Amino acid sequence: MLRSSQPLTGPNRKRCREDEMLLGMVLDEGERGFIIDTRSAQAAKQARMTGGGTEPKSSYPQWRRLHRPLERGRPLQESFIKLVEACNDTSINMDRWLSRLESCRWLSHVKAALSTACLAAQCMDREEASVLVHGVEGTDTTLLVTALAQVILDPSCRTLAGFQGLLEREWIEAGHPFHLRCARSAYSHARLKQEAPLFLLFLDCVWQLSRQFPFSLEFGERLLLTLFDNAYASAYGTFLCNNEKERRVGRELGTPQCLCKVKESTHSLWAWLNQPGEKKKYLNPLYSHNALVIWPSVEPQSIQLWQGLFFRWIRSSQYLDEAWAEIQRLAEDD
């Protein structure tokens, strides 16, 4: 599996021989690969006017391009805001609640993300083909798809340590702009156009997997909630800044002042999570290693609202927490 930003073909359909050669070297003679573009065909076409574009079939004859559009900007943020507002409104009746849940379209975004990740996984597992995933910059929906596909395909990514490595590799080191995307929560009155809850959408999709395959993930919901909290407000440096360059150097424009030596100036979230006393809180006591690919259902009846996150501010989790504590105790006794 490969990931990248869009090719810069522009309105004049410029070619990049080095890129064509690079993708050609991935495939043996007679093999075919799949390019999954997370934009619509129309959006990819329009991007040519601003220097972007997509791979022309004539220059990449061994690759088949598939468009699977995923929202990544303001529509996704507005969907998040509408969902949180609906969840916090305890005065509405059932019909009104269902109408607002449908109109916010959050579960549609979850379904689309899981469907696209399943497509990428199927191309690799069933077609035994190479897959290239890209969107615009390659740091948003691209990472959403590649990370989810790896959780579906690779059992090591479903362990606590493997999942941390996946986040480090596919989100942090790959340059997802956490500072821009998570600058404000759904409660903020500010509307910054760079905001978008892509990482939250990923966590929601992983929660859907954990619900459909309750024995296959070594970690539980508590880890996903902790990651959400730390992406938006954290005492640790793991999700600070927008890319690795900023985390290492981070210079203010016009001055040589160094702002963000993250590794030297902050503590790692992973180091805290992996302390023996903390680690056991995040483990799934029902976990049993599953070497198989886990294929989630994306039928409407199978996609559920993540109540543990979206209802956490209006409904106590005391009884659920007590139940999980009892399950952990019984698992330890065995």
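Begin by selecting Arg158, which sits in the loop between helix H6 (141-153) and helix H7; helices (H or I, at least four residues) and strands (E, at least two) are DSSP runs, numbered from the N terminus. The model is a predicted one, in which local features need pLDDT of at least 70 and side-chain atom pairs count only at pLDDT 80 or more, while totals for chains, interfaces and linings use all residues. Residues are numbered from 1 along each chain as its sequence is written, and side-chain values use heavy atoms, with hydrogens and water left out.

Is Arg158 buried or exposed? Its relative accessibility is 0%, and Arg158 therefore counts as buried (buried means under 20% relative accessible area, exposed over 50%, partly exposed in between, with a 1.4 Å probe and protein chains only). Now display its surroundings. Leaving aside residues up to four places away in sequence, Arg158 touches Val151, Ile152, Leu153, Ser216, Leu217, Glu218, Phe219, Asn290, Leu292, Val293 and Ile294; contact means heavy atoms within 4.5 Å.

Next, move to H7 (residues 160-172) and select it together with helix H10 (residues 221-232). Two packed helices are described by the angle between their axes and the distance between the axes. For H7 and H10 the angle is about 25 degrees and the axes are 12 Å apart; axes are lines fitted to C-alpha atoms, for helices over the stretch in contact, and angles run from 0 to 180 degrees between N-to-C directions. H7 and H10 are therefore roughly parallel to each other (angles under 35 degrees count as roughly parallel, over 145 as roughly antiparallel, 65 to 115 as roughly perpendicular and the rest as oblique). Show the side chains here: Leu160, Phe163 and Leu167 of H7 meet Leu223, Leu224 and Leu227 of H10.

On the H7 side, Phe163, Leu166, Leu167 and Trp171 meet Leu198, Phe199, Phe202 and Val206 in H9.

Turn now to the sheet. In which order do the four strands stand? They form an open sheet in the order S1-S4-S2-S3, and the pairing is parallel (two strands pair if DSSP finds at least two bridges between them). Strand S1 (2-4) and S3 stand at the edges, each with a single partner strand, so one side of each is left without a neighbour in the sheet. From one strand to the next, the twist averages 20 degrees. Helix H5 (residues 106-125) packs on the sheet, where it touches S2, S3 and S4, and its direction makes about 170 degrees with that of S2. H6 lies across S1 and S4, running at about 170 degrees to S1.

Finally, select strand S2 (residues 33-37), which is mostly covered, with five of its five residues buried. Gly33, Ile35 and Asp37 point one way from S2, and Phe34 and Ile36 the other way. On one side, S2 pairs with strand S3 (residues 63-67) in the parallel sense over five bridges. Gly33 has Trp63 as its bridge partner in S3, Phe34 has Arg64, and Ile35 stands opposite Arg65. Four bridges join S2 to strand S4 (residues 131-134), also running parallel, and there Leu132 is the bridge partner of Ile35.
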